[in-house]
Amino acid sequence: MPDGTETTPPSALLAALAAQRLLPVLRSPDVTAAVAAVTALVDAGCRVVELTTSTPDWEHALAECRDRHRRPAGEEGGAPPLLGVGTVTTAEQASAAIGAGADFLVSPWPAPAVRAVAARAGTVFVEGGYTPAEVADAAGRGPAKIFPAHVGGPRFVASLRAVLPQASLIPTGGIAIEEAPAYLAAGALAVGVGSGLPEDPAALARLFGGAR
């Protein structure tokens with residue numbers, strides 16, 4: 001993490017996700033678009049956002065978002081948003097994300113190299129998996145991403161939840177916003193949504209305003 005930046009405890013991320021229920025997963029065409037998307041979400045009340053390494057120059061996008069939404073010393077008010085990096089699959093990406101100020105890392109599949117970097121830095125790692133064994137392994141260490149969730153659907157999440165009742169599960173991949181309630185009812189902590197987020201500020205506020 002950058003000098004003077006404290007790591008985010010897992011409990012803080014879990015609490016924010018439990019309140020928010022939707023996790024925006026941003027795959028932006030460039031830095032400007034990424035910063036604009038994050039700003040719009042934060043203005044709408046979103047407290048947790050995931051940028052991805054598929055965004056060109058994603059490190060600079062994350063660093064700019066971090067600078068823009070950092071609360072000045074001595075200023076009162078709520079905590080700044082939690083900004084994470086997804087599609088992290090290598091140790092190099094993990095180190096770069098942490099260096100740019102990521103509060104958490106997300107992988108689409110089991111990623112031992114990323115896990116090791118995150119553990120050394122004390123950064124929360126949401127490790128991906130799909131099979132019951134992969135999800136159970138990831139859930140034994142922290143929140144687990146189910147990917148690609150649309151393949152199994154809500155019934156698959158419910159089946160995993162039945163044998164992993166204490167797990168924090170975040171299904172992601174091919175899920176439309178209108179389908180999110182079914183995944184939440186199946187036991188998901190939150191649902192990753194990569195597309196279909198409204199552009200209208202009022203519509204965004206209706207989605208995230210209750211998570212302020």
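A polar contact is taken here as a pair of N or O atoms within 3.5 Å, of which, within protein, one must be able to donate a hydrogen and the other to accept it. In this predicted model, the side chain of Q20 reaches the backbone oxygen of L22 at 2.7 Å, and a polar atom of the side chain of Q20 also lies 3.0 Å from the backbone oxygen of V48. Q20 belongs to helix α1, which spans residues 10–20, and Q20 is buried, its relative accessible area being 4%.

Helix packing was examined for two pairs that share α4. The axes of helix α3 (residues 58–69) and α4 come within 9 Å and cross at roughly 25°, an angle that makes α3 roughly parallel to α4, and the crossing of α3 past α4 is right-handed. W58, E59 and L62 of α3 and Q93, A96 and A97 of α4 make this contact, and the residues involved divide into four nonpolar, one polar and one charged.

For the second pair, the axes of helix α4 (residues 91–99) and helix α5 (residues 112–121) come within 8 Å, with a crossing angle of roughly 30°; because angles under 35 degrees count as roughly parallel, α4 is described as roughly parallel to α5. α4 passes α5 in a right-handed crossing, and the contact is formed by A91, A94, S95 and I98 of α4 together with A113, V114, V117, A118 and A121 of α5. The residues of this contact between α4 and α5 comprise eight nonpolar, one polar and no charged.

Note on methods
Residues numbered from 1 in each chain as written. Predicted model: local features only at pLDDT ≥ 70, side-chain atom pairs only at ≥ 80, totals over all residues. Heavy atoms only, no water. Helix = DSSP H or I, 4+ residues; strand = E, 2+ residues; numbered from the N terminus. Buried < 20%, exposed > 50% of the residue type's maximum accessible area, 1.4 Å probe, protein only. Axes fitted to C-alpha atoms, helices over the stretch in contact; angles between N-to-C directions. Parallel < 35°, antiparallel > 145°, perpendicular 65-115°, else oblique. Left-handed = near helix turned anticlockwise from the far one by under 90°. Contact = heavy atoms within 4.5 Å. Nonpolar A, V, L, I, M, F, W, Y, C, P; charged D, E, K, R; others polar.
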